[in-house]
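Here is a short report for a reader new to this structure. Look over the sequence and the model, then read on.

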Amino acid sequence: MNEKLNVYDEKMTKSVNNLNGELATIRAGRANPHVLDKLSVEYYGAPTPIQQVANVSVPEARMIQIQPWEKSMLKEIEKAILTSDIGINPTNDGSCIRLVFPELTEERRKELVKDVKKKGEAAKVAVRNIRRDGNDAFKKLKGSEVSEDEIKDLEDELQKLTDKYIAKIDKAVETKSQEVLTV
């Protein structure tokens, strides 16, 4: 691959990875510890991810158990979950916190699929913007040591790259939508 294209390939890869990270935080009826990824708690004055102050496990299909290594962290973790957008009330038994995920309603599943598609669309827009930036950069090469044919080839290669990443995004969105709709 041309080194002029590598920059855009890396940016598009980051866009797809970002989408995959966002999709991992959307819960699909089953308990997924990744819903806690964006949550952090105050730990000795520094915001720290929950996974670094507690043992996070999934003992049952629709339950996450959070066992802090220090009992003093129970309240902090509970507060972080309550103020987050997870939408689940934690149960604190004095030694660990349990999050029980209710069965998703059909309506809620459809809302989540819309959300998944919206995130997919945003990722596609990001990839297309990267393509546009690339094409603009290639057009600026005109008149230098790069011929018009070479510029055309670069634009064609960039389009193929864009198509490849759009297909990856579509596949990720389709997979997540199926996961959400599966009861």
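Lysine 124 is buried, at 13% relative accessibility. Buried means under 20% relative accessible area, exposed means over 50%, and partly exposed lies in between (1.4 Å probe, protein chains only).

This is a predicted model, where local features need pLDDT of at least 70, side-chain atom pairs count only at pLDDT 80 or more, and totals for chains, interfaces and linings use all residues. Residues are numbered from 1 along each chain as its sequence is written, and side-chain values use heavy atoms, with hydrogens and water left out.

**Salt bridges**

Lysine 124 pairs with aspartate 170 in a salt bridge, 2.6 Å from N to O. This pair links distant parts of the chain: lysine 124 sits in helix α3 (residues 106-140), aspartate 170 in helix α4, 46 residues apart. Helices (H or I, at least four residues) and strands (E, at least two) are DSSP runs, numbered from the N terminus. Aspartate 170 is partly exposed, at 35%.

A salt bridge here is a side-chain nitrogen of Lys or Arg within 4 Å of a carboxyl oxygen of Asp or Glu. That rule gives a count of eleven salt bridges. Three of them are listed below.

| Salt bridge | N to O distance |
|---|---|
| Aspartate 170 and lysine 124 | 2.6 Å |
| Lysine 176 and glutamate 179 | 3.3 Å |
| Arginine 128 and glutamate 121 | 3.9 Å |

Glu121, Lys124, Arg128 and Asp170 are linked in a network of salt bridges. Within it, arginine 128 is partly exposed at 33%. Glutamate 121 is partly exposed too, at 41%.

Lysine 176 and glutamate 179 are three residues apart in helix α4, so about one helical turn separates them. Lysine 176 is buried, with a relative accessible area of 7%. Glutamate 179 is partly exposed, at 27%.

**The annotated region**

An unreviewed UniProt entry annotates residues 144-171 as a "coiled-coil region". Such annotations may be inferred rather than shown by experiment. The span is 86% helix and 0% strand, and its end C-alpha atoms lie 39 Å apart.

Aspartate 153 is found in helix α4 (residues 148-181). Aspartate 153 is partly exposed, at 46% relative accessibility.

Which residue has a positive phi although it is not a glycine? Tyrosine 44 does, with a phi of about 50°. Tyrosine 44 lies in the loop between β1 (40-43) and β2 (46-49). At 69% relative accessibility, tyrosine 44 is exposed.
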